[in-house]
Amino acid sequence: MSRRPDAEFRPRIKMHEGEIDIDEFLVERLMTAQFPQFANLPIHAVQSTGTVNVIYRLGDHFCARFPLLKSWARDIEKEWDWLPKLAPHLSLHIPEPVAKGQPISEYPFPWAIYRWIEGHPYQDDLIQDERQAAADLAQFLIELRRVDPVGAPPTGRKALRDLDTATRKAMETLQSTIDRDAIALAWSNALEAAAWDGTPVWIHTDLLRSNLLVKGGRLRAVIDFGGIGVGDPAADVIAAWSVFNSIGRSVFRAALDVDDDTWNRSRGYALHQAVLIMPYYAETNPGLVALAERTIKEVLTDLGYTTLA
């Protein structure tokens, strides 16, 4: 019996070259073959701005994540190994792996089932107090950084200066509504920060609004740990611009006690990510592009430069 909703089926728009095909029918076959205890649960695609995995909800209490490309399949293994070890040290909820699926001919990558976490992606109107949200996320990062990094994988994130060519190339393709001169000035400002030479710590690497869940007016969970590893803590300070407004940004920085070089590097990482997102996902992921536009606006406003038109 088909689990697909009665409404007309609309194929998901592909975001990447070589992206794997997956739908509810395939998910149902995988469940039946590999995890019959979940086979009778309703299956529904979860709409999100995510770009690495497709997510299907399984009943009320579980969900399954399927990498879209082979290069991201190893993230499932990394989450399976490390999320249970990190969770006891963290005050916010993180995904809990339940079962790991095996590749088949129709879907040749590993995949996994997780417990469903209730909540909605971070939005200003869902948060009762941005100061509290900023303090809560800062505390989460402090806890994450304190976890013993022995044996942890490196994130592979490049130094800011190594991202210069790609960032400037993406700037050239931005739409006319973007103040390219202001962005270029902000980017040059970030490149002046001293290179990181500290002790590697655990970092999430992708603290966007879509990866923070809110419930009851408070920040409750951090999701999508595919990029987890150890490296420069500036990678997680990007939330100052990718998540918060000026009030939350100030609280966030103070709570983390961020020095000027780390702050400037992080601003550069936030700008680099947003600038690359906009042209790449312009047609396929408008929700993510809107978040990237917002990040750029926050960066330029923070520096006192011209903002988006």
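1. A crossing of two helices is left-handed if the near helix is turned anticlockwise from the far one by less than a right angle, and right-handed if clockwise. By that rule, α4 passes α8 in a left-handed crossing.

2. This is a predicted model, in which local features need pLDDT of at least 70, side-chain atom pairs count only at pLDDT 80 or more, and totals for chains, interfaces and linings use all residues. Residues are numbered from 1 along each chain as its sequence is written, and side-chain values use heavy atoms, with hydrogens and water left out.

3. Helices (H or I, at least four residues) and strands (E, at least two) are DSSP runs, numbered from the N terminus. Helix α4 (residues 164–171) packs against helix α8 (residues 260–280) at an angle of about 45°, and their axes are 9 Å apart. Axes are lines fitted to C-alpha atoms, for helices over the stretch in contact, and angles run from 0 to 180 degrees between N-to-C directions.

4. On the α4 side, A166, T167, A170 and M171 make the contact (heavy atoms within 4.5 Å); on the α8 side, H272, V275, L276 and P279 do.

5. The sheet is open and has three strands in the order β6-β8-β9, with antiparallel pairing. Two strands pair if DSSP finds at least two bridges between them. β6 (120–121) and β9 (218–222) are the edge strands, each pairing on one side only.

6. Strand β8 (residues 212–215) is joined to β9 by four bridges, and L212 stands opposite V222 in β9. Helix α3 (residues 130–146) packs on the sheet and touches β8 and β9; its direction makes about 30° with that of β9.
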